[in-house]
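Please read them alongside the sequence and the coordinates.

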Amino acid sequence: MRKTYEIQLNGIRIGTTEFESADPPMGIVTGKIEFENIESGYHFFKDYCLKNKVIINNDYPEDRFIDTQVIPKLKVLTENKTEVKGFGAFITGFDAEEFEITVGGIDSEFYKLEFSKHYNEYWNPK
């Protein structure tokens, strides 16, 4: 069963993700962002980062590609509204393809419970 996670920026819902990939030993989950009411993820995040002094690692305007460092007010919530906490969340992506959100440094006990599918696939391969 797939879980859907709510993505918020400054307390406002901007989309969802299913965290399709993971690195359990590092406490990392990554997923495609399904934006809500945002036409250009590139312009949305670039404008936000510039206004809020969030470091942009890579910015290629001609390709509308952006890769940020941790965005402090970017939060991900479980289906029961618990925040997925770690060292923070950052985004990477192209308008022409997709954007991904990554949360890293998630506590191992929370990870084991919330991301049990990824955890079990890694630690108990068939």
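1. Being three residues apart in helix α2 (residues 108–114), lysine 112 and glutamate 109 are separated by about one helical turn, helices here being DSSP runs of H or I with at least four residues, strands being DSSP runs of E with at least two, and both being numbered from the N terminus. Lysine 112 forms a salt bridge with glutamate 109, in which the closest N and O atoms are 3.8 Å apart; the term covers a side-chain nitrogen of Lys or Arg within 4 Å of a carboxyl oxygen of Asp or Glu. Lysine 112 is partly exposed at a relative accessible area of 35%, and glutamate 109 is partly exposed at 49%, where buried means under 20% relative accessible area, exposed means over 50%, and partly exposed lies in between (1.4 Å probe, protein chains only).

2. On the basis of the model: this is a predicted model, in which local features need pLDDT of at least 70 and side-chain atom pairs count only at pLDDT 80 or more, while totals for chains, interfaces and linings use all residues. Residues are numbered from 1 along each chain as its sequence is written, and side-chain values use heavy atoms, with hydrogens and water left out.

3. By the salt-bridge rule, the count comes to 11 salt bridges. Salt bridges that share partners join Glu6, Arg13, Glu36 and Lys81 into one network.

4. Another salt bridge, at 3.0 Å from N to O, is formed by the side chains of aspartate 95 and arginine 64. This pair links distant parts of the chain, with aspartate 95 in the loop between β9 and β10 and arginine 64 in the loop between β6 and β7, 31 residues apart. Aspartate 95 is partly exposed, with a relative accessible area of 21%, and arginine 64 also counts as partly exposed, at 39%.

5. Strand β6 (residues 56–60) runs antiparallel to β7 and is joined to it by four bridges, two strands being taken as paired if DSSP finds at least two bridges between them. Aspartate 59 has isoleucine 66 as its bridge partner in β7. Three bridges join β7 to β9, again in an antiparallel arrangement, and phenylalanine 65 stands opposite phenylalanine 94 in β9.

6. Are the faces of β7 covered or uncovered? Both faces of this strand (residues 65–68) are covered, with Phe65 and Asp67 buried on one side and Ile66 and Thr68 buried on the other. In a regular strand the side chains alternate between the two faces of the sheet.

7. An open sheet of four strands has the order β5-β2-β1-β8, with antiparallel pairing. β5 (34–35) and β8 stand at the edges, each with a single partner strand, so one side of each is left without a neighbour in the sheet. Five bridges join β1 to the antiparallel strand β2 (residues 12–17), where glycine 15 stands opposite isoleucine 7.

8. The largest nonpolar core has 26 residues, of which Phe19, Ile71, Leu74, Ile91, Ile101, Val103 and Phe115 touch the most other members; such a core is a set of buried Ala, Val, Leu, Ile, Met, Phe, Trp, Tyr and Cys residues joined through side-chain atoms within 4.5 Å. At least two residues of this core come from each of β1 (5–9), α1 (41–51), β8 (74–77), β9 (88–94) and β10 (99–104), and α1 gives the most, with four residues. Leucine 74 is in contact (heavy atoms within 4.5 Å) with Ile7, Gln8, Leu9, Ile14, Ala89, Phe90, Ile91 and Ile101, when residues up to four places away in sequence are not counted.

9. Threonine 30, in strand β4 (residues 28–32), counts as buried at 12% relative accessibility. A polar contact of 3.1 Å joins the side chains of threonine 30 and threonine 102, the term meaning a pair of N or O atoms within 3.5 Å of which, within protein, one must be able to donate a hydrogen and the other to accept it, with residues adjacent in sequence counting only if both atoms are side-chain atoms.
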